[in-house]
Structure formats: structure tokens, C-alpha cells
Amino acid sequence: MRNLRIVIAVIFINFSISLPINAHHSFAMFDDKSEMWLDGTITLFQWTNPHTFIHVLVDTRDDNGEILEQVEWSLEGGSPNILSRNGWKRTSLVEGEKVRVLIYPLKDGNAGGTFLEIHKEDGTVLYYHG
Amino acid sequence: MAKKISLNCFLLFIFLFDYSAYAQLNENNFDLSGVWMNDNTLDERLKRAGLTRLDPNAPNAPPPQAVGAEILTDEYRLIYDREQERLSQLAVGTAACGWQGMPRIMTYPYPFEILLSPGRVTIIYETESQVRRVYLDRNEHLPFDELDPSYQGDSIGWWEGDTFVIDTVGFNTITTVGRGLPHSEEMYIVERWQFIDEDTVNVEMVISDPLAFREPLVQEIVYSKRPSWRIREYHCEENNRDAPDEDGQRAGGLAENLN
């Protein structure tokens with residue numbers, strides 16, 4: 001029965017006039033052809049609607065490990081409603097923790113994007129979708 | 001003691017009375033009550049497949065929808081074009097908040113909960129806590145002078161075998177039917193909630209509008225029950241960083257006010 005259900009769901013998608021992936025707004029401002037990794041430290045985690053936001057402070061260092069530049073990235077993600085059903089909790093990220101984040105960056109070149117995967121130091125991976 | 005017995009008799013009477021009202025719902029052994037989710041959303045399809053978004057085998061996003069502005073009458077095509085021109089002045093990704101109303105609320109990627117009570121089916125959507133009330137205890141819509149244009153309209157419902165039918169009229173024109181397509185106050189929607197099994201319904205929505213559409217729009221969506229889910233809160237204005245400011249740029253939300 002479950003397989004039948006999936007087949008029916010797929011068939012009917014083609015007849016639907018509006019099935020948003022991201023309910024609130026178009027994600028056309030993000031470049032989904034350019035996956036990009038950020039290594040940094042969480043400075044803000046907003047567990048809010050219509051979107052969650054994660055701020056990550058990323059250091060650029062010279063060959064001696066000295067910090068040349070620090071940039072704070074603003075990363076937008078799914079609502080708490082969607083993320084909680086993908087295993088997230090309001091306590092999933094805390095300020096100060098180090099993370100590796102896979103993102104689609106903003107097309108306009110600003111330090112922002114939408115996050116896809118958050119890899120924590122303990123090995124846990126949090127996914128936006130799936 | 002006598003008082004207690006008479007109270008019990010009264011409560012029993014109320015119980016039996018209410019049960020008789022429920023019975024018309026249950027003759028099919030299908031139960032509308034519970035938490036339901038749109039099975040067609042990207043996240044639900046990925047979860048069924050056990051995949052994540054970047055998996056090479058991940059199902060694609062839904063294809064571009066076939067139905068667009070060509071279904072609009074000339075008058076409503078002008079309304080559509082004017083609105084698209086206004087939106088084109090805003091920065092990409094900006095989005096204001098607002099109620100979706102019918103029929104868009106049905107396609108949102110959030111669940112809804114159905115409650116049954118005598119003469120009534122109540123649908124509580126997670127999205128903006130919007131509520132639809134479907135009346136089983138009357139077979140006519142409200143008279144015109146009481147039919148105030150609204151986001152969800154006036155709904156009456158009845159069973160046809162395995163299918164729960166909802167007929168809705170009386171919409172305001174603040175909403176679109178999706179993809180920016182406007183509609184008039186004359187829009188009417190017939191939904192056929194057909195049970196596939198006890199936990200799954202296929203909802204066919206036929207959306208007609210003699211003023212705005214050249215032909216009815218037909219949407220079909222599969223929903224299934226999620227007994228372990230609880231309905232959360234979702235209010236778009238909580239922290240809408242994507243709201244357009246007066247220059248049409250992203251306003252930035254409430255970042256400084258939140259922890």
C-alpha cells in the first residue's frame with residue numbers, strides 16, 4: 001500500500017499548480033550550482049519562523065596561522081517546523097561551537113547563503129532536507 | 001442521590017445524542033480526525049526514500065507547473081501583469097507575510113489537524129494557525145448578505161461513499177490561487193477527499209471562477225496521517241528577515257531583538 005501511495009503522490013505532482021519547496025519565499029537568490037563549505041564558529045542560532053538563521057564567524061588565516069580577516073556569514077534555513085521533523089531541536093546548535101557547514105551561497109556575493117548540512121565536532125550531521 | 005442519578009441520565013442523554021450526530025461521519029469506517037501531512041513536499045519525498053537533498057539519487061524538485069497565466073481571462077491577465085510588475089521592483093527573495101487562505105493553504109509543506117464534532121469538521125492548519133470550519137448540518141451556503149468575503153470562504157460538506165466532499169464559496173480577493181494567479185469573489189472550490197486507505201486521502205480540488213479563469217483549475221494532492229506528529233506554531237512575522245522594506249530590499253528582520 002505504501003508503494004501505491006508513493007506512485008500516486010508522484011503522478012499527481014504533475015497536475016498541481018503550486019507545491020512550494022520553501023513555503024515562504026523563492027530561493028532564487030541562492031546559487032544552487034555552487035556548493036561551498038564554511039569552517040567557523042557559531043555566533044547566533046535563531047530558531048524562528050518563517051526561517052531559521054545560523055551566523056558563522058569564519059577566519060581567514062595566513063601561513064603562520066595568524067588571523068587576516070574575520071567574516072560573519074548569515075545562513076538561512078528551513079523553519080523550525082520543517083527542521084524539527086528532520087531531527088533538529090532548539091538546542092541542536094549553541095553559540096561558540098565549531099562547525100563545518102555546506103551551503104549554497106548568495107548570488108550577489110554577500111556573506112550569506114542557505115545551509116544544507118551542518119557537521120558538528122562530535123560527528124553529528126544535521127540536514128536541512130531529508 | 002436522586003440528583004446524581006438524574007445528572008447521570010442527563011449526561012448519558014447528551015452522550016447518545018452526540019453519538020448519533022457522529023454516526024453519519026463513521027458509516028464508511030473512514031476517520032477524518034487526526035494529523036495529516038501533504039505527502040508531495042520535497043522533505044516528505046526525501047524521507048520516504050531515505051535520502052538527503054544532495055544525494056545523487058534524490059528525487060528532483062517538482063517540475064515547473066503546466067498551468068500559468070494563460071488560463072486567466074483578459075481582465076484578470078491585466079491584474080496579474082500589474083502585480084508581477086510591482087513584484088519585479090522588489091529584491092529577489094523578499095517576501096511579505098500573510099494568510100494563504102484557500103486553496104493555497106492546502107499545498108503548504110506543513111500538516112493540519114482535523115477535529116470532528118457534531119455537525120462540523122474543523123481543519124486546523126499549522127500554517128499561521130488558520131482554521132477552516134466545514135458545516136455538515138446545513139446543505140446551503142450562507143445568504144449573500146451574510147457571506148462576507150473571507151480567506152477560507154463558507155464551506156459545507158457531505159459524504160459520498162468513501163469520499164468526503166467540501167463545497168466552498170465566498171472568498172476575498174486578497175489571496176492568489178498560487179503562482180501569483182489572482183481570482184475574483186466568484187471563485188468556488190469543490191474538494192473531493194477520497195480515501196485510498198484508512199490513513200491516506202487523495203484530495204482533488206476543482207477551482208472554478210467564471211470571471212477570472214477560462215477553465216477550472218484542477219489540483220490533486222495526497223495526504224497521509226502522521227499520528228506521532230504534534231502541530232506546532234508557525235507565524236511568519238515572528239522573524240521575517242525577508243520582508244521588503246520601503247525600498248524593496250530585504251528589511252533584515254528582528255535579529256538584534258532575539259537570542
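This is a predicted model: local features need pLDDT of at least 70, side-chain atom pairs count only at pLDDT 80 or more; totals for chains, interfaces and linings use all residues.
Residues are numbered from 1 along each chain as its sequence is written, and chains are lettered from A and ligands numbered from 1 in the order in which they are written.

Biologist: Happy to start with confidence: what is the mean pLDDT of chain B?

Modeller: pLDDT is the predictor's confidence in each residue, from 0 to 100. In chain B, 83% of the residues reach 70 or more, and the mean is 86.

Biologist: And how many contacts does the stretch 13-24 of chain B have beyond near neighbours in sequence?

Modeller: Two residues are in contact if their C-beta atoms, placed from the backbone, lie within 7 Å. Over residues 13-24 of chain B the pLDDT is below 50, and the contacts of this stretch in the model, beyond near neighbours in sequence, number five.

Biologist: Nice. Which elements make up chain B, from the N terminus on?

Modeller: Helices (H or I, at least four residues) and strands (E, at least two) are DSSP runs, numbered from the N terminus. Chain B has three helices and nine strands. Their order is α-β-α-α-β-β-β-β-β-β-β-β.

Biologist: In what order do the nine strands of chain B close into a barrel?

Modeller: Two strands pair if DSSP finds at least two bridges between them. The pairing in this barrel is mixed, and the order is 1-2-3-4-5-6-7-8-9.

Biologist: Let's zoom in: how many bridges join strand 5 to strand 6 of chain B?

Modeller: Strand 5 covers residues 154-160 and strand 6 covers residues 163-169.

Biologist: Which elements are included in what covers the buried residues of helix 2 of chain B?

Modeller: A residue is buried if 20 or more other C-beta atoms, placed from the backbone, lie within 10 Å of its own, exposed if 12 or fewer, and partly exposed in between. In helix 2 (residues 42-49), B:Leu42, B:Asp43, B:Glu44 and B:Arg45 are buried. Their cover includes strand 1 (34-38) of chain B and helix 2 (80-84) of chain A.

Biologist: Over in chain A, is A:Glu66 buried or exposed?

Modeller: A:Glu66 sits in the loop between strand 2 (52-61) and strand 3 (67-77) of chain A. Because A:Glu66 has 8 other C-beta atoms within 10 Å, this residue is exposed.
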